[in-house]
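This report is written for a reader who is new to the structure shown below.

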Amino acid sequence: MTDYRESYRKLKNDIDKDNSKLITFLFFGILIGRVFEKYRKLKKTIFKRSS
């Protein structure tokens with residue numbers, strides 16, 4: 001458990017403000033991409049059923 005704490009503190013100190021913003025944008029980009037994929041898949045299934 002102490003290794004985890006030390007690693008977390010080290011990681012937290014290594015990430016500065018610019019990198020933390022980049023990580024946030026990457027996370028939201030992945031999230032938006034997943035939502036977009038699910039929307040496209042749902043759209044395809046709806047149009048398949050109606051035709």
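Is Arg34 buried, partly exposed or exposed? The model is a predicted one, and in it Arg34 has a relative accessible area of 44%. Arg34 is therefore partly exposed, because that class runs between the limit for buried, under 20%, and the limit for exposed, over 50%.

## The salt bridge

The side chain of Arg34 meets the side chain of Glu37 in a salt bridge, with 3.6 Å from N to O. A search of the whole structure finds one salt bridge. Both Glu37 and Arg34 belong to helix H2, where they are three residues apart, or about one turn of the helix.

Phe27 has a relative accessible area of 52% and so is exposed. Phe28 has 43% relative accessibility and so counts as partly exposed.

## The nonpolar patch

Phe27 and Phe28 also take part in a nonpolar surface patch, together with Leu31, Ile32 and Val35. The area of this patch is about 520 Å².

Ile32, one of the patch residues, lies in helix H2, which covers residues 17-50. With 58% relative accessibility, Ile32 counts as exposed, because the limit for that class is over 50%.

## The positive patch

Arg40, Lys43, Lys44 and Lys48 gather on the surface in a patch of positive charge. Among them, Lys48 has its place in helix H2. Lys48 has a relative accessible area of 69% and is therefore exposed.

## The chain as a whole

How many helices and strands does the chain have? Its secondary structure comes to two helices and zero strands.

The chain has 51 residues, and buried residues make up 0% of them. The accessible surface of the chain comes to about 5,600 Å². Carbon and sulfur atoms account for 62% of that surface.

Note on methods
Residues numbered from 1 in each chain as written. Predicted model: local features only at pLDDT ≥ 70, side-chain atom pairs only at ≥ 80, totals over all residues. Heavy atoms only, no water. Patch = residues over 30% accessible without salt bridge, like charges linked within 9 Å, V, L, I, M, F, W, Y side chains within 5 Å. Areas by Shrake-Rupley, 256 points an atom, 1.4 Å probe, with all protein chains shown as cover. Salt bridge = Lys/Arg side-chain N within 4 Å of Asp/Glu carboxyl O. Helix = DSSP H or I, 4+ residues; strand = E, 2+ residues; numbered from the N terminus. Buried < 20%, exposed > 50% of the residue type's maximum accessible area, 1.4 Å probe, protein only. Lys, Arg positive; Asp, Glu negative; His and termini not counted. Charge placed at Lys NZ, Arg CZ, Asp CG, Glu CD.
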